[in-house]
Amino acid sequence: MAQAAEVAQTAQAVQATIGDSEFDRDTAVTPREPGVYDAELSAGWTIIHAVNGGYLLALLGRALGDALPHPDPFTVSAHYLTASQPGPAVIRTEVVRTGRTLSTGQASLFQYAEDGTEVERIRVLASYGDLDTLPDDVRTTAEPPAIPPFEHCFGPSDGPAPKIPGSSAITDRLNIKLDPATLGWAIGAPSGKGEMRGWFGLADGRDADPLSLLLTVDALPPTSFELGLKGWTPTVELTTHIRCRPAPGPLRVSITTRNLAGGFLEEDAEVWDSADRLVAQSRQLAKAPR
């Protein structure tokens with residue numbers, strides 16, 4: 001018992017904290033001049049052919065959090081214009097409006113083409129506020145997703161990885177355990193249902209905060225895998241609502257697709273914290289894999 005307690009204390013001691021984790025370092029931005037920030041897109045957050053869209057959203061979210069007078073993202077809408085690649089980038093922000101409870105801004109991330117010209121990768125419009133000032137009143141019919149216990153779910157380390165072309169570096173930075181009912185695609189037997197559910201955390205143990213929730217909504221495998229489609233599912237547009245500051249502990253994420261038509265599909269995500277609160281919601285439009 002004493003040895004187990006010592007191991008637990010050691011694990012707690014080395015757990016990354018908010019502000020001092022790989023996620024924080026890799027989403028860091030450096031002010032160049034008012035409203036302009038330099039950033040380095042880390043190769044550690046790539047999936048298949050490009051940098052993950054949720055990671056990019058968190059990166060721009062950090063820049064907007066510095067540029068706006070309010071601390072927390074409430075709603076963030078992003079249009080993904082071209083695929084982002086690891087390497088240097090510049091973020092340009094603009095304050096659209098500031099008010100007593102909300103401030104609104106926009107931001108664009110640019111990278112450089114081979115000839116040195118700037119290429120816009122993603123454009124964001126967001127409203128920020130202070131989550132700690134919100135009233136406690138909750139009236140909802142939403143319920144946490146029914147996911148088996150963590151130890152009964154499966155992640156990348158629990159079996160041979162399915163063959164998907166391209167990079168999967170982001171999986172090393174996440175602690176995801178998927179509901180077996182949404183894992184048919186991994187053994188070549190997709191259910192045909194557009195569903196993905198699982199437990200989510202960062203691999204270094206950092207607890208969630210409003211900024212990391214912007215990553216969480218786009219971090220699970222795409223629902224297209226359970227529809228029998230493998231390959232890159234690039235995001236066209238992603239809107240995220242942050243509803244409250246998450247409690248410490250693992251998150252539960254549920255993503256559903258009801259309609260794939262014309263080569264596009266939607267993904268509706270809900271994120272629940274350890275206190276059974278709905279802390280984030282999102283909807284995105286994505287291109288279906290060919």
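Q: Is Trp-45 buried or exposed, and what is its relative accessible area?
A: This is a predicted model, in which local features need pLDDT of at least 70 and side-chain atom pairs count only at pLDDT 80 or more, whereas totals for chains, interfaces and linings use all residues. Residues are numbered from 1 along each chain as its sequence is written, and side-chain values use heavy atoms, with hydrogens and water left out. Trp-45 counts as buried (under 20% relative accessible area, against over 50% for exposed and partly exposed in between, with a 1.4 Å probe and protein chains only), because its relative accessible area is 1%.

Q: Why is the pair of Trp-45 and Tyr-55 stacked?
A: Rings of Phe, Tyr and Trp (its six-membered ring) pair if their centres lie within 6.5 Å, with planes under 30 degrees apart stacked, over 60 edge-to-face and the rest tilted. The centres of the Trp-45 and Tyr-55 rings are 5.4 Å apart, and the pair is stacked because the angle between their planes is 0°.

Q: Which element holds Tyr-55?
A: The pair links distant parts of the chain, 10 residues apart. Trp-45 lies in the loop between β2 and β3, whereas Tyr-55 belongs to helix α3 (residues 53-67).

Q: Which residues form one aromatic cluster?
A: Trp-45 and Tyr-55 are both buried, and Phe-23 is buried too, with a relative accessible area of 1%. The one cluster consists of Phe-23, Trp-45 and Tyr-55.

Definitions and conventions: Helix = DSSP H or I, 4+ residues; strand = E, 2+ residues; numbered from the N terminus.
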